[in-house]
Amino acid sequence: MAMYAYLRVSTVGQDVAAQYHEVTHKYPELTSTPSKIKQETISGTVPALERPVLGALVEHVLERDDTLVVWKLDRLGRNTADILNLLERLEQMGVKVRCMNVAEGMDLSSPTGVFMLTMLAAVAEMERSTIAERMAAGRAAAKAEGKSLGRKFSFDHSEVAKWRVENSASIAETAKHFNTSVATVKRACK
């Protein structure tokens, strides 16, 4: 009958401080055993059981009558089917799931609980899709305005091509001189 918390952020620039604060404020018993608070930095679009920390928690740690606490349902994932499959797996294992943004005391395995979880998971998936659409629209608008996308070049490609011609150097020699890859030199010399 142990309790575990799962905290997740998508990128290295984010941190779990807000999740940690909320979860430990609501469930202070988790602070007495920090190893029961599992954290990872990975996209919610990665299937739940393919995430190293969550997968290991489900496969090797959680047992019947344990409780898994998550701050919000979207911390489990951004795909409705994946979240529902994970919740079904946990239910079959006898693991209770407490989601802090779902009404306290609601039985998540009841028809009403499953409905609520399905709606919240669908909202999380829609939010992820909306973000992807906005990003694609932004890239298309930037491209239409003639802005270059992607990382800036670390050096001028014309300089690479010029140096190669002036020194009658091979692609490999040029790559070594500029401390870059052969593929980059090939692109620069097109």
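Two strands count as paired if DSSP finds at least two bridges between them. Keep that in mind for this tour of a predicted model.

Select strand 1 (3–9) and strand 3 (67–70), which pair in the parallel sense over four bridges. Within this pair, pick A5: V69 of strand 3 stands opposite.

The open sheet has four strands in the order 2-1-3-4, with parallel pairing. On average, neighbouring strands are turned by 20 degrees against each other, ignoring direction.

Next, show helix 1 (residues 17–26), which packs on the sheet and touches strand 1, strand 2 and strand 3. The direction of helix 1 makes about 160 degrees with that of strand 1. Helix 2 lies across strand 1, strand 2 and strand 3, and runs at about 145 degrees to strand 2.

Turn to the side chains. The largest nonpolar core has 22 residues, and L54, L62, L68, L73, L76 and L90 have the most contacts inside it. Helix 3 gives the most, with five residues.

Centre on L62. Leaving out residues up to four places away in sequence, L62 touches Y4, L57, L68, L90, M93 and V95. Another core, of 10 residues, lies apart from the largest one; select L7, V9, V16 and V69, which are among its members.

Conventions: Residues are numbered from 1 along each chain as its sequence is written. This is a predicted model: local features need pLDDT of at least 70, side-chain atom pairs count only at pLDDT 80 or more; totals for chains, interfaces and linings use all residues. Side-chain values use heavy atoms; hydrogens and water are left out. A nonpolar core is a set of buried Ala, Val, Leu, Ile, Met, Phe, Trp, Tyr and Cys residues joined through side-chain atoms within 4.5 Å. Buried means under 20% relative accessible area, exposed over 50%, partly exposed in between (1.4 Å probe, protein chains only). Helices (H or I, at least four residues) and strands (E, at least two) are DSSP runs, numbered from the N terminus. Contact means heavy atoms within 4.5 Å. Axes are lines fitted to C-alpha atoms, for helices over the stretch in contact, and angles run from 0 to 180 degrees between N-to-C directions.
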